[in-house]
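Dear colleague,

Please find below the structure that I am handing over to you. My findings follow it.

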Amino acid sequence: MKVLITGITGFAGSHLADYILENHPDVELYGVYRWRSRTENIEHVLHRFTNVECDLRDANNVRSVLDYIRPDKIFHLAAQSFVPSSWRAPSESLDTNIIGQVNIFEAIKELKIDPWIQIACSSEEYGMVYSNEVPILESNPLRPLSPYAVSKVGQDFLGYQYFMSYGMKIIRTRGFNHTGPRRGDVFVCSDFAKQIVSIEKKRREPVIYVGNLDARRDFTDVRDMVRGYWMALSGNCDPGEVYNICRGKCWTIQQVLDMLVSYSNVDIRIEKDPKRLRPSDVPILLGDNTRFSKATGWKPEISFEQTLKDILDYWRQRVN
Ligand code: GDD
């Protein structure tokens, strides 16, 4: 079986590659990556899969790469994934995320191949969630609060539309926040952990800069999340359908900060950095995973406490 991961050099992509290589040795694994992507996340497994350069925004490039691979399963994880970047350059997020996915779908249609496709949609699509709407079901209204969220709504609905129009076997997963080792240092858990480790190593003043600490997020370990992605394409999810993948428990960002600080032994001052505040921030994401758990039997296995400790250790090995 040929399996393709888009965005294999990224955070979730590299963990999914690890999961597949370890648990499904029969798989012929392919990855596509963008020119000049950093390869540090996959350096340790580069010899174990075929990595093909491809710009998903280039339709001809996508078609020729898919023609060469002809995958049985596609995990579409490549994206512009940092919410604040989408305010700075909205058209780039929309282009990469929406047009990149359209190019994949169109290539599949033209090549007349019939792979199972998982598309990584996002809990950010729910956006403005009210207190009487949690835990969030898949049927909740989508009220996106950032260009990034709009791009994910676009990907999500294109997944539905290509299933309805052409019968493509598309599974839409709405992943809630996931984190762990290798997480880019702009995302909150990694950002705070890296700051703490830099203070531990006396590389900076004992001050942590933060944004909105009142937001609440439902965090899952990335290793549980990618196992969920694999299960989504293992035959028990319905094509065209959408599934929340989440823990079903949320923490304020203040609590996340307190936990990380408690796993360190340095004295730290906390300072609000206005540059870290967003034009609009999603107040609460707390998901209901019943539909996905019932279909696949998935449940998270790694505690959030463990994940945060692993992130700190990851940065302790990297900050000099
Ligand atoms: N990054 C960051 N840095 N976030 C901060 C900070 C800070 O210093 N201080 C507070 N926050 C708050 C943000 O305002 C937000 O409410 C929350 O921490 C989480 O921020 P991120 O880690 O940047 O993630 P996100 O929730 O915006 O988006 C992530 O999750 C989505 C799924 O819900 C990303 O992984 C998206 O790609 C993903 O789709």
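Which residues does Ile 171 touch, not counting residues up to four places away in sequence? Please bear in mind that this is a predicted model. The contacts of Ile 171 include Trp 116, Ile 117, Gln 118 and Ile 119, and also Ala 232 and Leu 233. Cys 237, Asp 238, Pro 239, Glu 241 and Tyr 243 complete the list of residues that Ile 171 touches. Ile 171 belongs to strand 6, which covers residues 169-175. With a relative accessibility of 0%, Ile 171 counts as buried. Although 66 residues separate Ile 171 from Cys 237 in sequence, their C-alpha atoms are 7.1 Å apart.

I turn next to a pair of helices. The axes of helix 4 (residues 90-111) and helix 5 (residues 147-166) come within 8 Å and cross at roughly 15°. The two helices are therefore roughly parallel to each other, an angle under 35 degrees being the criterion. Their crossing is right-handed. On the side of helix 4, the residues making the contact include Leu 94, Ile 98, Val 102 and Phe 105; on the side of helix 5, they include Val 150, Leu 158, Tyr 162 and Tyr 166. The residues of this contact divide into 11 nonpolar, seven polar and three charged.

The aromatic residues also deserve attention. The count of aromatic pairs comes to 12. One of the pairs is formed by Tyr 126 and Phe 176, whose ring centres are 6.1 Å apart and whose planes stand at 35°, so the pair is tilted. Tyr 126 lies in the loop between strand 5 (116-122) and helix 5, and Phe 176 in the loop between strand 6 and strand 7 (178-179), so this pair ties together parts that are 50 residues apart in sequence. Both residues count as buried, Tyr 126 at 0% relative accessibility and Phe 176 at 1%.

Phe 219 and Phe 304 form a stacked aromatic pair, at 4.9 Å centre to centre and with 5° between the planes. This pair links distant parts of the chain, 85 residues apart: Phe 219 is in the loop between strand 9 (216-217) and strand 10 (220-221), and Phe 304 is in helix 10 (residues 304-318). Phe 219 is buried, with a relative accessible area of 2%, and Phe 304 is buried, with 1%. Finally, Tyr 19, Phe 75 and Trp 230 form one aromatic cluster.

With kind regards

Definitions and conventions:
Residues are numbered from 1 along each chain as its sequence is written. This is a predicted model: local features need pLDDT of at least 70, side-chain atom pairs count only at pLDDT 80 or more; totals for chains, interfaces and linings use all residues. Side-chain values use heavy atoms; hydrogens and water are left out. Helices (H or I, at least four residues) and strands (E, at least two) are DSSP runs, numbered from the N terminus. Buried means under 20% relative accessible area, exposed over 50%, partly exposed in between (1.4 Å probe, protein chains only). Contact means heavy atoms within 4.5 Å. Axes are lines fitted to C-alpha atoms, for helices over the stretch in contact, and angles run from 0 to 180 degrees between N-to-C directions. Angles under 35 degrees count as roughly parallel, over 145 as roughly antiparallel, 65 to 115 as roughly perpendicular and the rest as oblique. A crossing is left-handed if the near helix is turned anticlockwise from the far one by less than a right angle, and right-handed if clockwise. Ala, Val, Leu, Ile, Met, Phe, Trp, Tyr, Cys and Pro count as nonpolar, Asp, Glu, Lys and Arg as charged, and the others, Gly among them, as polar. Rings of Phe, Tyr and Trp (its six-membered ring) pair if their centres lie within 6.5 Å; planes under 30 degrees apart count as stacked, over 60 as edge-to-face and the rest as tilted.
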